[in-house]
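My entries follow in the order in which I looked.

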Amino acid sequence: MTTADGQVLGVTRVVDHGPPAERWNLVILGDGYRANQMTQYAQDAARLCVRLEATRPFDSVWAGLNLYRVDVTSTDSGADDPAACGGPGTTARTYFDASFCNNGARRLLLVNQATALSVAAQRVPQFHAVVVIVNSQVYGGSGGAVATYSLATGAELIALHELGHSAFGLADEYESYLGCGIDTDRDHHPAAEPAEPNVTVNTDRATLKWRSLVAQATPIPTTRNADCTRCDPQPDPLPAATVGLYEGAHYYHCGAFRPQFDCRMRAIDKEFCAVCAQQIRRVLLPFTPAIVPDVREMRRSAAHQRVVAAGLVPRYTGATGPSAWVRSQSPAGGRTVRYGSEVTMQLRSGPIP
Amino acid sequence: MTEPAVRLVFEYDGDEVRMLSQQRVELTIPSAGEPAAGWRAELRTAEGGVLDRRGLPWIPLDAEVFAPGVDGEPSVRRVPAERRTGVFTVLVPDLPEADHLALVDDAGGPPETRQVREILRVPLRAES
Ligand SMILES: [Zn+2]
């Protein structure tokens, strides 16, 4: 139940893109793993890394991220699962005290956040976000200063959604509060404009927050909810991934709008919409190392590209392009290199465009 | 760009907020977006000038609960918090003119009627 129920063994930089002072650093912690389950924990953490790297838009700014796995053992395996919420009533003595059944909801899985932040700060002082993997097959997770998720299928998507809030300032795009068909007081959104970049009450194309992503031919609003007493049942009238103005967002059936029909901030099994992806990229681009503008010759080995280059090594500023294939680079961006300087890039697989 | 920063960790229970730690660290600070209504942190000069503002969207009145979408459970819903309690961090630049960090609660709404209440003021230590 406390830090007496286990110990911190150490930290490993499992995704290494260079100096932590220059990167966006995510710390992965584990709870409810016994000492003899550390190999499994490493595999669970590796799966999160793979999932994040494959998630748009993290794939395009991947070179800006470092991921750290902190190995923490617990006396017992699993998490508390109280009978009050329909669980079996089991308790587990774990380092971060993971427990289901918070606020009366079994699937709300919380840990001791102060302990989690303290361990993260001790082991990775430059951390930007913390995710705790809880060794339980019961579906659950939570957000906040520390995101959590269990090992049930798809539960890691909870952490991606919650990072959308805590690390990137995104709002919820779903149109219910207690749930569609349950709410009775969610008909009309208040008139005030939400500050978050991915929801709005504004229906004016000329001043819409995400107008730069809306095609001229797309109707604004794109959909309206015909019955504000319930969630809008209509399917997407336009081709998938069209950016427009879809009614139903920010916990209200009407009067609030989202940019696309689907988004991970609306349903966690969907991709981030273009507006949310743009916001995440906007935050992460300053962490992403540079590319070399003036490449005179290249030599390539299996994993590394050696480039002889000249000029200023810029910071990467585009949404597509070389950062999609450069994993890391030395020296980092923002420095001037003389002709003949070698710049080493660690590459993804595939040919250089 | 790498810069000196201060990381503060707070614990809250209702409106009672307590600082747990204050740590200086060299890192790259993410850009701050426009803070939403709710709690936010303001880095201020001794005269009250605001040098930096950070939204604290993870201080909710409720919690977000996800379900795998079987057995008729909503795939996502919000449940009101029994007690508004938890922990949060604030990362701000370590600026020579900074004097204190203030936590405020912004009720939101139109600017002319918007109520902003100060919850706590924490002096920034010269060394930590
Ligand atoms: Zn979105």
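**Salt bridges.** I looked up the salt bridges first, taking one as a side-chain nitrogen of Lys or Arg within 4 Å of a carboxyl oxygen of Asp or Glu, and over all chains the structure holds 25 of them. I noted the one between Arg51(A) and Glu156(A), whose closest N and O atoms are 3.1 Å apart. This pair links distant parts of the chain, since Arg51(A) belongs to helix 1 and Glu156(A) to helix 3 of chain A, 105 residues apart. Helices (H or I, at least four residues) and strands (E, at least two) are DSSP runs, numbered from the N terminus.

**Ground rules.** I keep in mind that this is a predicted model, in which local features need pLDDT of at least 70 and side-chain atom pairs count only at pLDDT 80 or more, while totals for chains, interfaces and linings use all residues. Residues are numbered from 1 along each chain as its sequence is written, chains are lettered from A and ligands numbered from 1 in the order in which they are written, and side-chain values use heavy atoms, with hydrogens and water left out.

**The sheet.** I then followed the open sheet of chain A, where 6 strands stand in the order 1-3-2-4-6-5 with mixed pairing (two strands pair if DSSP finds at least two bridges between them). Strand 1 (6–15) and strand 5 (141–142) of chain A are at the edges with a single partner strand each, so one side of each has no neighbour in the sheet. Strand 2 (residues 24–31) and strand 4 (residues 127–134) of chain A run parallel and are joined by 7 bridges, and within strand 4 I found Val130(A) as the bridge partner of Val27(A). Helix 1 (residues 38–53) of chain A packs on the sheet, touching strands 1, 2, 3, 4 and 6, and its direction makes about 155° with that of strand 3; contact means heavy atoms within 4.5 Å, and the angles, from 0 to 180 degrees, are between N-to-C directions of lines fitted to C-alpha atoms, for helices over the stretch in contact.

**Chain A against chain B.** I looked up the interface next: 40 residues of chain A are in contact with 39 residues of chain B. The two chains bury about 3,200 Å² between them, 60% of it on carbon and sulfur atoms, where buried area is the accessible area (1.4 Å probe) that two parts lose on being put together, summed over both. Asn103(A), Arg107(A) and Tyr177(A) supply 19% of the area that chain A buries against chain B, more than any other three residues. The count between these chains is 1 salt bridge, and I found Arg78(B) forming a salt bridge with Asp172(A), the closest N and O atoms being 2.8 Å apart.

Asp97(A), although not a glycine, has a positive phi of about 60°, and I placed Asp97(A) in the loop between strand 3 and helix 2 of chain A. Most residues other than glycine have a negative phi, and most peptide bonds are trans.
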